Amino acid sequence: MFYKYLNINFYQINFMNNLKKKFKFNIFNIFKNSLKKTRKKIFSFLSNISFLNKFNDNFYKELKKKLILSEISHDIADKIINYVKLNKCKIKNNDDLKNIIREYILKILFKKEVFNHDIKFFKKPHVILFVGINGVGKTTTIAKLAYFLLNLYKKKIIISASDTFKFSAIQQIKDFGNTMNIPVISGNLRDNPSKVILNSINYGIIHNVDYILIDTSGRLCNKDHLMIKLKQIIKDIKRINATFSHDIFLVLDINNGQNILNQINIFNSYIKLSGLILTKIDGTSKGGVVLKLIKNYDIPIKYATFGENLSDLQIFNIKYFVNSLIS
């Protein structure tokens, strides 16, 4: 077994076994269970609707209200309502209504094929920088992705604890590293983050690692000087070796609703994002915001997280998401 070569203890072996079981579990059910709060918010009113004479102004008004409360934007909600009106002759029950809405979202709204946006591996070391505002779960997301890459793809990984402004962040990522037997490269509190990153990349080159996952301090989008420092960190990474494979993932807490769109706009204006990771889906009633995100941006959603365990991360899939939202 793979863990024999990692000197991992009994509890870590259990972590791995749980991950394997999770991947055998139907991924659609994971999305479905995680989106139940959003789904309930949209469709709970249907139980009180008589489908014999439901298509009136009050019905459409209530449906639009529920769509907007789930963070589906006004423009998308209006288009869904119009599509329902055009196809009302096909609707005989709740399931028919949901199928019409699902059809609109997948076939009309996106107008593109459904892909799995898994991580692409090119050249060692593959450097991934994680950015985001405070409190989105960035550090735990890094640990989950490390766990995912280690167990599913058997990749050699190190983590760079370059959030040098918070001792708790450094200690947290070290604890995760110890749990998974993954090296964590860190510095002292208040060290220059670029110094820690440089040390991490040099370590990665020497030890022939596949992935270097880099934690950064949380950024307030309205603090220009912090965003400029982040931009400088990225320049420093590319200066080390421009031929490296680089990714910049923005971590977004879906509970922030429409505000995540503003975060994407600001971060992408300073640095070119290559992927998004959605966190805390299991606790949200605002899952509808993802529809606007997918429609308006070409930045792929790479992963989504669903809970507190290291194994609670999945490759994002548009079709699974929409089917779970409208299930």
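Reader: Where does Arg190 lie?

Author: In this predicted model, Arg190 lies in the loop between strand S3 (184-186) and H9. Its phi is near 75 degrees, a positive value in a residue other than glycine.

Reader: What makes Arg190 count as exposed?

Author: The relative accessibility of Arg190 is 59%. Exposed means over 50%, so Arg190 counts as exposed.

Reader: Why is Glu71 called buried?

Author: Glu71 has a relative accessible area of 17%. The cut-off for buried is under 20%, and therefore Glu71 is buried. This residue lies in the loop between H4 and helix H5 (74-86). Glu71 is not a glycine, although it has a positive phi of about 75 degrees.

Reader: Why is H9 called roughly parallel to H10?

Author: The axes of helix H9 (residues 193-206) and helix H10 (residues 224-240) cross at roughly 30 degrees and come within 10 Å. Angles under 35 degrees count as roughly parallel, so H9 is roughly parallel to H10. The crossing in which H9 passes H10 is right-handed.

Reader: Which residues in H9 and H10 meet?

Author: From H9 come Pro193, Ser194, Ile197, Leu198 and Ile201, and from H10 come Ile233, Asp236, Ile237 and Ile240. By class, this contact has seven nonpolar residues, one polar and one charged.

Reader: Which residues in H10 meet H11, and how many charged residues does the contact have?

Author: Asp224, Met227, Ile228, Leu230 and Lys231 in H10 meet Ile266, Phe267 and Tyr270 in H11. By class, the contact of H10 with H11 has two charged residues, six nonpolar and no polar ones.

Reader: How do you know that the buried residues of H3 line one face of the helix?

Author: Thr38, Arg39, Ile42 and Phe43 are the buried residues in helix H3 (residues 36-43). Seen down the axis of H3, they fall within an arc of 110 degrees, so they line one face of the helix. The face turned away from that buried side carries Lys36 and Lys40, which are exposed.

Reader: What covers the buried residues of H3?

Author: The cover includes helix H2 (27-34), helix H4 (57-69), helix H6 (94-109) and helix H13 (318-326).

Reader: Why is Ser327 called partly exposed?

Author: The relative accessible area of Ser327 is 26%. Buried would need under 20% and exposed over 50%; the value of 26% lies in between, so Ser327 is partly exposed. Ser327 is found in the segment after H13.

Reader: Which residues does Ser327 touch, not counting residues up to four places away in sequence?

Author: With those neighbours left out, Ser327 touches Phe28, Lys32, Arg39, Lys98 and Arg102. One of these, Arg39, is among the buried residues in H3.

Reader: How many residues apart along the chain are Ser327 and Leu35?

Author: Ser327 and Leu35 are 292 residues apart along the chain, while a distance of 9.5 Å separates their C-alpha atoms.

Definitions and conventions:
Residues numbered from 1 in each chain as written. Predicted model: local features only at pLDDT ≥ 70, side-chain atom pairs only at ≥ 80, totals over all residues. Heavy atoms only, no water. Axes fitted to C-alpha atoms, helices over the stretch in contact; angles between N-to-C directions. Helix = DSSP H or I, 4+ residues; strand = E, 2+ residues; numbered from the N terminus. Parallel < 35°, antiparallel > 145°, perpendicular 65-115°, else oblique. Left-handed = near helix turned anticlockwise from the far one by under 90°. Contact = heavy atoms within 4.5 Å. Nonpolar A, V, L, I, M, F, W, Y, C, P; charged D, E, K, R; others polar. Buried < 20%, exposed > 50% of the residue type's maximum accessible area, 1.4 Å probe, protein only. Arc of directions from axis to C-beta.
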